[in-house]
Amino acid sequence: MFILFTAIVFAVRLFYIQILEEDYKVAAENNVVQKIVQYPFRGLVYDSNDSLVIYNSPVYDLMIVPTEAEIKDTTAFCQLLEIEREELIEKLNEAEEYSSILASKFIEQISDDLFARLQDQLINYPGFYVLPRTIRSYNTKSLANVVGYVGEVSRSFLNRDTTNYYHSGDYIGIGGVEKAYEEHLRGKRGATFKVVNVQGIIKDDYRDGEYDTLPQSGENIHLTIDLELQQYAERLMEGKVGSVVAIEPKTGRILALVSAPSYDPQLLSGKNLSKNFPDLNNNEDKPLFNRPLQAMYPPGSMFKTIQGIIAMHEGVVRADEIIRTDGSNIGDLAPPGPYDMVKAITKSSNNYFYLVMRRMVEQGVEESQFLDARIGLEKWREYVKEFGLGRNLGVDLPNEKAGNLPSIEYYDRVYGPKRWKYSNIASLSIGQGELQVTPLQMANLGAILANRGYFITPHVVDKIQGWPNPNIQKEILPFDPALFGPIVKGMEQVVMAGSGRRGYLDSLKLAGKTSTVQNPHGEDHSGFMGFAPLDDPKISIAAYVENAGQGGRAAVSVASLMAEKYVLGTVSRPWLEDYVLEERYLPENAPRPTLAEN
């Protein structure tokens, strides 16, 4: 019985192989089935005014399947490909090492001339075929740090990839929007299956194309970036090191995001990537470093706007309360005398905010100054986090830094538990010390002040395939909107008659706060944060220009010109433009800035 059953099984299998199974027919005729990957078009990228920023250009890769490869005349083959014999051997070994039966790239992105020659000659070289694909091309030299770039997946990435989507030779977004929105932009691969004979000639579609799939193009993306404003800001920052971030307060849309110095994104497109990346990566000015999201600086006097709101909320000071300073507590450029909140913001009195923060930290909850400071600092710290400091804002770009908002645990490590008090942390009162922020956080602070107490998640992508970006939310701060009035009044006075008066323009109605950011490694940094117009804010801006000295010089000038350009549609102060463009702020012998990258 067993023998009969076995005979029946073999007979059925033999019938299946000889009559039904097409794969065996293919093999019997000395043919092979070749899978040819069809790569999709990557999604296009537009700016906020529907101007095309990134598109796809066709290129061709020469592919090899080692088990099928046959080169009868290596000299002729090397001449055809314009390579040396040693390079040919190296490439053959690499392909065999990857897989003897799977296709891999032999030469990537061949020239149009070589492609034309290969079309007629490949019939003589079984196991080789040309695969069309695309690389990224750009309609602008701007936006490099926003859009990122595309490169081939690495072996280490493939080893970590749990999705099993990517294969050797695939491309992936690296940095910027290309990385953040990779799943939307990449599309879906397709494949065709061809019956190929031993001479490498395609004889037919395998099973009449039953298993073929068409590639699906990636989704198009519309940025929030106003390309004209971005290009203008990049022009203002030429020859400088620093950042500029502009946000539309009511929506959180990032209008411009400038990291200076930057680079032409075309330098990292296609074959240019391997050639230019090392130079850019090793450049001492760090053009690949996305300063708006990753550079961390003390906020300086811009932070006093936060201090004022927290203090009034806590009830430790009233806006109209007069506090007399004698200049003895902390270094100060503001003169001693009486200050209320508006005047303290306008004149940027360090001693006023020293005394105000001491009231917040030392509230008499504990008799011991050491214990009382711990309680006060922790409460203060939670309030500061409401403004988006010491945490990620959730911007839709990779590698955002949270800055540094020192905790009681930090000071315990520095001074020892219960061995520090307000005098040890007093520099925080004026936005210095261990406190560090990113330019993005300061631009968002401008939006909070413009909105009188709320912000929308800052973002650079407005629409995905025509649909609104779903990853946006509103955060309302736990402060009475009325508390923002005195702060904003002081910011108005800063630009009208204070340290920011270089940026004053009556028709613009800019309000803001300058900062001269202490830099132990060289010349101080110039900082500014503000918004315009005062009564109906359309733009908030933060600008940092490294090694440029006072905030009332470079930073406020750049920010004011950008606000004028965006709000009024034109620039009426050529003298200010000339001042900004002529001041380079980075002489050859200047010490290079040390940035907090970790």
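At what angle do helix 16 and helix 17 pack, and how far apart are their axes? In this predicted model, helix 16, which spans residues 369–386, packs against helix 17, residues 408–415, at an angle of about 140 degrees, and their axes are 10 Å apart. Because angles over 145 degrees would count as roughly antiparallel, the angle here makes helix 16 oblique to helix 17. On the side of helix 16 the contact involves R374, L377 and E378, and these meet I408, Y411 and D412 in helix 17. The residues of this contact divide into three nonpolar and three charged, with no polar ones.

Five strands form an open sheet in the order 12-11-21-20-19, and their pairing is antiparallel. Strand 12 (253–260) and strand 19 (511–517) each have a single partner strand and stand at the edges, so one side of each is left without a neighbour in the sheet. From one strand to the next, the twist averages 5 degrees.

Helix 20, residues 484–497, lies across strand 19 and strand 20 and runs at about 70 degrees to strand 19. Helix 21, residues 554–568, lies across strand 11 (242–248), strand 12, strand 19, strand 20 and strand 21 (539–545), and its direction is at about 150 degrees to strand 21.

Methods:
Residues numbered from 1 in each chain as written. Predicted model: local features only at pLDDT ≥ 70, side-chain atom pairs only at ≥ 80, totals over all residues. Heavy atoms only, no water. Axes fitted to C-alpha atoms, helices over the stretch in contact; angles between N-to-C directions. Helix = DSSP H or I, 4+ residues; strand = E, 2+ residues; numbered from the N terminus. Parallel < 35°, antiparallel > 145°, perpendicular 65-115°, else oblique. Contact = heavy atoms within 4.5 Å. Nonpolar A, V, L, I, M, F, W, Y, C, P; charged D, E, K, R; others polar. Pairing = 2+ DSSP bridges.
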